[in-house]
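Hello,

Please find the structure below, handed over for your use. My notes on what was found follow after it.

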Protein chains: 2
Amino acid sequence: MRIALDAMGTDSRPLSDIAGGVLAANEFGDTIVLVGDQRQIEAELKNHAINSGKVEILHAPVDIAMDAKPTEVVKSVTSSIYVALDAVKKGEVDAFVTMGNTGAVHAIATLKTLRRIPGVKRPVLSALFPVNNHQMIFLDVGANPDVKPEWVTQFAVMGSIYAQLVLDYHKPRIALLSNGAEDTKGNLLTREAADLMRRSKMNFVGNVEPVQLMTSVADVVVMDGFVGNIVLKMFEATAHYVATLIRQEFRNDVLSMLGGALARPAFNRIRRQVDTSEIGGAPLLGVNGVVIIGHGQNSAIGIKNAIQQARTAVRENVIGAIRSGIAHEAQ
Amino acid sequence: MRIALDAMGTDSRPLSDIAGGVLAANEFGDTIVLVGDQRQIEAELKNHAINSGKVEILHAPVDIAMDAKPTEVVKSVTSSIYVALDAVKKGEVDAFVTMGNTGAVHAIATLKTLRRIPGVKRPVLSALFPVNNHQMIFLDVGANPDVKPEWVTQFAVMGSIYAQLVLDYHKPRIALLSNGAEDTKGNLLTREAADLMRRSKMNFVGNVEPVQLMTSVADVVVMDGFVGNIVLKMFEATAHYVATLIRQEFRNDVLSMLGGALARPAFNRIRRQVDTSEIGGAPLLGVNGVVIIGHGQNSAIGIKNAIQQARTAVRENVIGAIRSGIAHEAQ
């Protein structure tokens, strides 16, 4: 298998990206195609030993900044994201993995290169939400701030296929995020989307509210991209805020400080449980190709895990399954 | 001053409600009118000593369940919520404080008793969000799941008046919750609402995203009632989830357990910082009367604090200020 990896994705690009790519080549024995500035990649590769698999370079001189606007970046055909997605489109590689600018990946994939799978209303960004040692897939988490009810049901179809084939859930349970679990709660969008899903053949388990996101009542949770983005950010911001309070309080008296020191291993285990940086990434679904996008803060291990997800998605033919799932839904 | 207090509001009604009412009477020297079933209230009052102020009873036999539907409850004119709001309307009391069913209070106040202040598009539910030893007022947190941009700007007007007069902020900073701080982020609603506020004379400081809610960049944060409700619940659910992880991890090894025991005072201080049960409540704004609604889990101290807020709102004539603020805005 050949996986294109954006060498210019993480905040520490190209360091973590290349380290993650080499890790994946060595562990999986696949060919990792590093996409980015050839000279920078060559220089950094000297610090790594490739024992298995293969590492190639695909030159792309332009590096898209994390805060660049999607409307601007789609114009450049020599960015690492553009070049890599074009390679997926041409079949030169089997999938693309990046820790870069999510909006740019979404725009270039949808408007310029891979384009939508026939019948897909809108491609959708997902995120894996890890609680209780169980991963839920959330979608949309940012691609579509304003959506229609029919789009939400398609998010559910695509998320469910991914959850089944890549996350290995049997008959994934689909839920709709709302402001209350009762059917009467919600806004116009969620009430209509819930109606559509209830009347479909989907394994729809109903509305969930935030407290239920912390349990394992569902495998796929759908929402509009505005709410999804805010919900993810609220989780991260709150967890970080509570952690900051703990650190501050532990400085306040000697016993607390000692207590904090003794409990450090426990805190490290907790951090790993709310930390998303080892999950790697999550798919952009609905485009004609496997695309996995992760956080810019990902470590080499996170990147390797994202590549692992891409490999599974290719092996299980997620794109083919979505193509038939959407065609079947349209009938 | 005479404040009506719902005796049937909290989850432990009428116990905490009455304890809070007596606490307020003794501390503030005001008259607290307990609204609810006369016999139950009389029986419970025997367990309390009233040293200052006065406690009266206003009989209301029907108790509205926490999960009762607003469309049903508006029909009963003998519920504690209906009787109390009617007393505010008739001028028999100066304000109403309740820990009861928020949807019921909103519906009965808006449709049956107090009704809207002239010019107010939609009354709005608020919440006080306590981070960094600074209270932000959030609105809407649930009354209006689907809103128009002009409503959001009115939420800002009303929230700002309350923040100035009751929370004592000079020139409150108004922000709009969005999925990113940049002007280009948002959905159709927030982009239009931001435009309106930017062109107004309001002290609008721009978009904020969740991470900024944990700092003190604004005093009033506006959003639609669907998002606001989810954001509050996400904060509570995440803080609770992290606390649960900590408890679980502290049982995993002896050192962590010892560390946790030593750090207990620090944890208690943290709990108080993320706990909203001593804040008391927050106003329903836009109706013709002072109404403060709090959590059903409130303690007696929380209820006393909610009554304190109601007293300040009456003393500062918040209703008059909103009436002229809205009239002025309409010009």
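**Backbone exceptions**

A:Asp168 is exposed, with a relative accessibility of 66%. This residue sits in the loop between α6 (149-165) and β7 (174-177) of chain A. A:Asp168 is not a glycine, yet its phi is positive, at about 70°. Please keep in mind throughout that this is a predicted model.

A positive phi also occurs in chain B, at B:Arg115, where the angle is about 60° and the residue is again not a glycine. B:Arg115 belongs to the loop between α5 (102-112) and β5 of chain B. With a relative accessible area of 43%, B:Arg115 is partly exposed.

Two cis peptide bonds should be noted as well. In chain A, the bond between A:Arg13 and A:Pro14 is cis, with omega at about -5°. A:Pro14 is part of the loop between β1 (2-6) and α1 (15-28) of chain A. In chain B, the cis bond runs from B:Leu139 to B:Asp140, and omega is near 0°. B:Asp140 lies in the loop between β6 (134-139) and α6 (149-165) of chain B.

**Salt bridges within chain A**

Over all chains, the structure holds 24 salt bridges. One of them pairs A:Asp63 with A:Arg13, and the closest N and O atoms are 3.1 Å apart. A:Asp63 is in the loop between β3 (54-59) and α3 (70-73) of chain A, while A:Arg13 is in the loop between β1 and α1, so this pair ties together parts that are 50 residues apart in sequence. Both partners are partly exposed: A:Asp63 has a relative accessibility of 36%, and A:Arg13 has a relative accessible area of 24%.

Another salt bridge links A:Arg173 and A:Asp219, with 2.9 Å between the closest N and O atoms. Here the loop between α6 and β7 of chain A supplies A:Arg173, and the loop between α8 (210-213) and β9 (220-222) supplies A:Asp219, so the parts tied together are 46 residues apart in sequence. A:Arg173 is partly exposed at 28%, whereas A:Asp219 is buried, with a relative accessible area of 5%. Salt bridges with shared partners also join A:Arg2, A:Lys54 and A:Glu56 into one network. A:Lys54 is partly exposed at 45% relative accessibility, and A:Glu56 is partly exposed at 21%.

**The interface of chain B and chain A**

How many residues does each chain bring to the contact? Chain B gives 52 residues and chain A gives 52 residues. About 4600 Å² is buried between the two chains, and carbon and sulfur atoms give 72% of that area. B:Phe226, B:Met234 and B:Tyr241 supply 16% of the area that chain B buries against chain A, more than any other three residues.

Across this interface there are 2 salt bridges. B:Glu209 forms a salt bridge with A:Lys233, and their closest N and O atoms are 2.8 Å apart. The count of residue pairs in polar contact between the chains is 6. On the side of chain B that touches chain A, the elements that give two or more residues include β5 (124-131), α7 (188-199) and α9 (225-250). The largest share comes from α9(B), with 17 residues. By class, this side of chain B has 31 nonpolar, 14 polar and 7 charged residues.

Regards

Terms used. Residues numbered from 1 in each chain as written. Chains lettered and ligands numbered in written order. Predicted model: local features only at pLDDT ≥ 70, side-chain atom pairs only at ≥ 80, totals over all residues. Heavy atoms only, no water. Contact = heavy atoms within 4.5 Å. Buried area = accessible area lost by both parts, 1.4 Å probe. Salt bridge = Lys/Arg side-chain N within 4 Å of Asp/Glu carboxyl O. Polar contact = N/O pair within 3.5 Å; in protein donor to acceptor, adjacent residues only side chain to side chain. Helix = DSSP H or I, 4+ residues; strand = E, 2+ residues; numbered from the N terminus. Nonpolar A, V, L, I, M, F, W, Y, C, P; charged D, E, K, R; others polar. Buried < 20%, exposed > 50% of the residue type's maximum accessible area, 1.4 Å probe, protein only.
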